[in-house]
Amino acid sequence: MTEYNIKIENVVASTKLAEEFDLTKIEAEFEGAEYNKQKFPGLVYRVSDPKAAFLVFTSGKVVCTGAKNVEDVHTVIGDMAKKLNGIGIETIADPEITVQNIVASADLKAVLNLNAIAIGLGLENIEYEPEQFPGLVYRIDEPKVVVLIFSSGKLVVTGGKSPENCEEGVEVVRQQLDNMGLL
């Protein structure tokens, strides 16, 4: 499978780190944190190692985005909890972290005829309007992912809950295109 250079571009995960947060206090204590209630109901905080961004809400919920793998999500959320504890904010000891979405890219290394693919895959799970968007949108039921297919052979997989979902999505597309003689 590695021959398609499947690369995770973004992992979005959520968790609840506390019963509630005082976002004004966090903004004052965390360098670079941004909180403007008029613009957005949450605080935005970016970290660089590993790279990720947080959306922190008064409800105690946190969304982590921008990580390149699931391990990094766990690392940065743990670091965030320690940092909050360090400014006197108590956090939930072992928070349940839910991966909401993984975006990955891949390359089939072939020029693709999207019109032929749209016809071959059937119209039930396909959206292809080249005037609107240069890629073909393919909704797969198993695994439940959406694959954007471009004529360059590049794919973008979104909606996966695990890296395996993304790899399986690429494999489903590869097999179907191969079966239709379009690869």
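View 1. R46 is exposed, at a relative accessible area of 52%, where exposed means over 50%, buried under 20% and partly exposed in between (1.4 Å probe, protein chains only). E34 sits in strand β2 (residues 34–35) and R46 in strand β3 (residues 43–48), so the bridge links parts 12 residues apart in sequence. Helices (H or I, at least four residues) and strands (E, at least two) are DSSP runs, numbered from the N terminus.

This is a predicted model: local features need pLDDT of at least 70, side-chain atom pairs count only at pLDDT 80 or more, and totals for chains, interfaces and linings use all residues. Residues are numbered from 1 along each chain as its sequence is written, and side-chain values use heavy atoms, with hydrogens and water left out.

View 2. The salt-bridge count comes to 6. One of them joins E9 to K7, with the closest N and O atoms 3.6 Å apart. E9 is partly exposed at 26% relative accessibility, and K7 is partly exposed at 46%. R174 and E171 also form a salt bridge, at 2.9 Å between the closest N and O atoms. They are 3 residues apart in helix α4, about one helical turn, and both are buried. Through shared partners, E171, R174 and D178 end up in one salt-bridge network.

View 3. Zoom in on V56: leaving out neighbours within four places in sequence, its contacts (heavy atoms within 4.5 Å) are F21, L23, I26, G42, L43, K61, V62 and M80.

View 4. D72 belongs to helix α2. This residue is buried, yet the nearest side chain of opposite charge, K68, is 9.1 Å away. For charge, Lys and Arg count as positive and Asp and Glu as negative, while His and the chain ends are not counted. Beyond residues up to four places away in sequence, D72 touches P50 and A67.

**View 5. Helix α3 and its buried face.** L114, I117, A118 and L121 are the buried residues of α3 (residues 114–121). Down the helix axis they fall within an arc of 100°, so they line one face; the arc is taken from the directions from the axis to the C-beta atoms. Among the elements covering them are β7 (126–127), β8 (136–140), β9 (145–149) and α4 (163–179). At the start of α3, a side-chain oxygen of N113 comes within 3.0 Å of the backbone nitrogen of N115. After the helix comes G122, with a positive phi near 85°.

View 6. Most residues other than glycine have a negative phi, and most peptide bonds are trans. The D49 to P50 bond is cis, with omega near -5°, and P50 lies in the loop between β3 and β4 (51–56). The E142 to P143 bond is cis too, with omega near 0°; P143 is in the loop between β8 and β9. K109, in the loop between β6 (98–107) and α3, has a positive phi near 55° and is exposed at 53% relative accessibility.

Technical notes
Salt bridge = Lys/Arg side-chain N within 4 Å of Asp/Glu carboxyl O. Polar contact = N/O pair within 3.5 Å; in protein donor to acceptor, adjacent residues only side chain to side chain.
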